[in-house]
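Trainee: I would like a close look at one part of this model, and then an account of what else can be said around it.

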Amino acid sequence: MATFIEICNTAKIADVPDEAIRLSLFSFSLAGEAKRWLHSFKGNSLKTWEEVVEKFLKKYFLESKTAEGKAAISSFHQFPDESLSEALERFRGLLRRNPTHGFSEPIQLNMIIDGLRPQTKQLLDASAGGS
């Protein structure tokens with residue numbers, strides 16, 4: 001989804017909301033069964049981008065896969081030889097691979113901090129001027 005949003009953000013049309021562009025272009029990003037699934041909705045029954053995203057994720061991201069992804073995110077720990085930037089990128093990758101994780105940004109931040117090695121936390125605290 002993130003790549004699709006990036007592409008849509010490159011198309012700006014005067015007086016046309018971003019949501020309308022996303023809604024009209026989304027079917028072009030799909031193929032096969034996913035495209036048939038989208039076209040199975042009658043007329044304008046999907047009125048908002050949020051509705052499309054919610055229904056798409058519910059259809060194509062199974063609960064078991066979501067549970068596995070949530071477990072991987074919530075048990076995040078920095079590897080012994082992993083730099084802070086590598087750990088952050090790995091965490092972001094977990095979030096991208098599991099778009100239905102449901103963790104708010106403050107919770108994500110706590111998970112990252114809790115998963116860092118003690119030495120990394122000290123360096124982070126020192127660079128921020130405190131804890």
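By class, how many residues in the lining of the largest pocket are nonpolar, how many polar and how many charged?

Mentor: The model is a predicted one, and what follows should be read as such. The lining of the largest pocket has six nonpolar residues, six polar residues and no charged ones. The volume of this pocket is about 250 Å³. Its lining is made up of L23, S24, F26, S27, L38, H39, F41, G43, N44, S45, L46 and V52. To find these on the structure, start with helix 2 (18–25) and helix 3 (32–39), each of which gives the lining at least two residues.

Some of the lining residues lead on to the aromatic rings. F26 and F41 are among the residues that line the largest pocket, and they also belong to a cluster in which ring pairs link F4, F26, W37, F41, W49, F56 and Y60. Across the whole structure, a search finds nine aromatic pairs. One of them is formed by F56 and Y60, with 5.1 Å from centre to centre and 40° between the planes, a tilted arrangement. F56 and Y60 both sit in helix 4 (residues 49–60), four residues apart, which is about one turn of the helix. F56 counts as buried because its relative accessibility is 13%, a value under the 20% limit. Y60, with a relative accessible area of 31%, is partly exposed.

A second ring pair, F76 with F91, is edge-to-face, with 5.0 Å between the centres and 70° between the planes. This pair links distant parts of the chain: F76 is in the loop between helix 5 and helix 6, while F91 is in helix 6, 15 residues apart. F76 and F91 are buried.

Rolling a probe the size of a water molecule over the atoms shows where empty space is left. The count comes to one cavity of 30 Å³ or more, and the volume of the largest cavity is about 30 Å³. F61, K65, T66, R97, N98 and T100 line the largest cavity. By class, that lining has one nonpolar, three polar and two charged residues, whereas the lining of the largest pocket has no charged residues.

T66 is placed in helix 5 and counts as buried because its relative accessibility is 11%. Leaving aside residues up to four places away in sequence, T66 touches F61 and T100, and F61 and T100 are also in the cavity lining. The C-alpha atoms of T66 and L88 are separated by 21 Å, the two residues being 22 residues apart along the chain. N98 lies in the loop between helix 6 and helix 7. N98 is buried, as its relative accessible area is 11%. With residues up to four places away in sequence left out, N98 touches K65, G69 and I73.

In helix 7 (residues 105–115), Q108, M111, I112 and G115 are buried. These residues are on the same side of helix 7 because they cover an arc of only 100° around the axis. P106 and D114 are exposed and sit on the face turned away from the buried side of helix 7. The cover over the buried residues of helix 7 includes helix 5 (63–74) and helix 6 (84–97). Q108 gives an example: its relative accessible area is 14%, which makes Q108 buried. Not counting residues up to four places away in sequence, Q108 touches F91, L95, H101 and F103. F91 is the residue that pairs edge-to-face with F76.

D15 is found in the loop between helix 1 (2–8) and helix 2. With 82% relative accessibility, D15 counts as exposed. Its phi is near 65°, a positive value in a residue other than glycine.

Technical notes: Residues numbered from 1 in each chain as written. Predicted model: local features only at pLDDT ≥ 70, side-chain atom pairs only at ≥ 80, totals over all residues. Heavy atoms only, no water. Buried < 20%, exposed > 50% of the residue type's maximum accessible area, 1.4 Å probe, protein only. Arc of directions from axis to C-beta. Contact = heavy atoms within 4.5 Å. 1 Å grid on protein atoms, 1.4 Å probe; cavity = no way out; pocket = protein on both sides within 12 Å on 5 of 7 lines; lining within 4 Å. Points joined across faces, edges and corners; volume = space filled by probe spheres on them. Nonpolar A, V, L, I, M, F, W, Y, C, P; charged D, E, K, R; others polar. Phe/Tyr/Trp six-rings, centres within 6.5 Å; stacked < 30°, edge-to-face > 60°.
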